[in-house]
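Hi,

Here is the structure I promised to send over. Have a look at it first, and then read on for my notes.

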Amino acid sequence: KQALSQGAPATVAASLPFDLPPAPAVDFAKFGPVEVKELSRIQKLSGRHLHRAWLSVPHVTQFDEADITELEDFRKAQQAAATAEGIKLTFLPFLLKAVATALNRMPNFKSSLTPDGEGLVMKHYTHIGVAVETPRGLVVPVVRHVDKKGIQDLARELMDLGGKARDGKLLPGDMQGGCFSISSLGGIGGTAFTPIVNAPEVAILGVSRAAMKPVWQGSEFVPRLMLPLSLSYDHRVIDGAEGARFTRLLGDLLGDIRRLLL
């Protein structure tokens with residue numbers, strides 16, 4: 001406190017909130033049998049990265065929903081043709097394509113802060129990281145040039161990256177260069193969550209399980225398949241209005257995939 005009152009350098013003042021006291025050690029064995037299980041290498045590395053991102057990035061999370069009724073009908077109609085080509089056509093390739101379009105229309109969401117925090121690095125490419133659960137922990141392989149690839153190409157690449165991730169065969173380069181990330185828990189469940197921004201990226205999209213809901217259509221309620229969206233972003237770069245506009249744009253794109261052609 002004395003140093004701050006005497007006009008200590010800003011760098012010292014800025015570091016003080018993160019100089020946290022160590023947590024007290026607890027002897028859990030006093031209460032019953034225990035076993036110590038070491039974290040995997042991936043968990044150790046990602047844990048340190050996520051802790052640093054959580055402390056250094058002022059997070060805000062915007063929640064929204066997208067009506068994917070027609071999109072899901074279209075996906076199911078294309079499944080047989082995709083299967084004949086050896087492709088597993090999930091919802092994720094469509095989501096990637098919609099996110100890439102939204103990023104190109106709102107490029108701040110795929111930028112990064114300069115090291116001094118005084119400017120933005122605007123990226124003229126659209127590489128998107130996709131979180132993949134593996135037995136050794138969570139990894140985020142990057143799909144490059146998403147905006148320049150078709151749905152089947154993206155589906156095939158996702159299958160390849162997912163297989164390499166689960167087999168522990170991803171190379172460091174496979175997980176570098178992303179400018180936005182997607183974390184999908186739709187296959188497990190949940191209604192919403194707050195994903196941690198994968199710094200130096202400035203935003204990340206979380207997707208939960210889609211559910212049929214009654215939606216008012218002006219004169220009556222009709223059943224619609226609604227997809228929960230959870231967008232976390234760095235408030236130094238993106239404000240609340242931009243966050244809401246991004247999820248609305250994404251909802252419009254997913255609600256009518258013909259908009260992807262515009």
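**What I found**

Let me begin with charge: the chain has 30 positive and 27 negative charges, and their mean positions are 3 Å apart. In that count Lys and Arg are positive and Asp and Glu negative, while His and the chain ends are not counted. Each charge is placed at NZ of Lys, CZ of Arg, CG of Asp or CD of Glu.

A word on the source: this is a predicted model, in which local features need pLDDT of at least 70 and side-chain atom pairs count only at pLDDT 80 or more, whereas totals for chains, interfaces and linings use all residues. Residues are numbered from 1 along each chain as its sequence is written, and side-chain values use heavy atoms, with hydrogens and water left out.

**Overall picture**

The chain has seven helices and 11 strands; these are DSSP runs numbered from the N terminus, with helices being H or I of at least four residues and strands E of at least two. Its C-alpha trace spans about 65 × 50 × 40 Å along the principal axes. Of the 262 residues, 36% count as buried (buried is under 20% relative accessible area, exposed over 50%, partly exposed in between, with a 1.4 Å probe and protein chains only). Among contacts with a separation of 6 or more, 63% come from residues 24 or more positions apart, where contact means heavy atoms within 4.5 Å.

**The surface**

The chain exposes about 15,400 Å², and carbon and sulfur atoms supply 58% of that. Accessible areas come from the Shrake-Rupley method with a 1.4 Å probe, and for residues only the protein chains shown count as cover. On the surface you will find a nonpolar patch formed by V26, F28, F31 and V34, with about 460 Å² of accessible area together. Patches take residues with over 30% relative accessible area and no salt bridge, joining like charges within 9 Å and nonpolar side chains (Val, Leu, Ile, Met, Phe, Trp, Tyr) within 5 Å. V34 sits in the loop between α2 (10-15) and α3 (41-56) and is exposed, at 53% relative accessible area.

**Salt bridges**

A search of the whole structure finds 12 salt bridges, each being a side-chain nitrogen of Lys or Arg within 4 Å of a carboxyl oxygen of Asp or Glu. One of them pairs R248 with D64, with the closest N and O atoms 3.0 Å apart. Because R248 lies in helix α7 and D64 in strand β1 (residues 59-67), the pair ties together parts that are 184 residues apart in sequence. R248 is partly exposed, with a relative accessible area of 36%. D64, R248 and D252 are linked in a network of salt bridges.

Two other pairs sit within helices:

- E72 and R75 have their closest N and O atoms 2.6 Å apart. They are three residues apart in helix α4 (residues 69-84), separated by about one helical turn, and both are buried.
- D153 and R156 have their closest N and O atoms 3.5 Å apart. They lie three residues apart in helix α6 (residues 151-166), about one turn of the helix. D153 is partly exposed at 41% relative accessible area, and R156 is partly exposed at 39%.

**Loops to look at**

Is I238 buried or exposed? I238 is buried, with a relative accessible area of 0%, and lies in the loop between β11 (221-234) and α7 (240-255). Leaving aside neighbours within four places in sequence, I238 is in contact with N108, F109, V202, A203, Y233 and G243.

A cis peptide bond joins A199 and P200, with omega about 10°. P200 is in the loop between β8 (180-184) and β9 (203-207).

H145 is a residue other than glycine with a positive phi, near 50°. H145 belongs to the loop between β7 (142-143) and α6 and is partly exposed at 36% relative accessibility.

Finally, R209 is in the loop between β9 and β10 (211-216) and is partly exposed, at 41%. Not counting residues up to four places away in sequence, R209 touches G186, G187, I188, G189, G190, M226 and P228.

Best wishes
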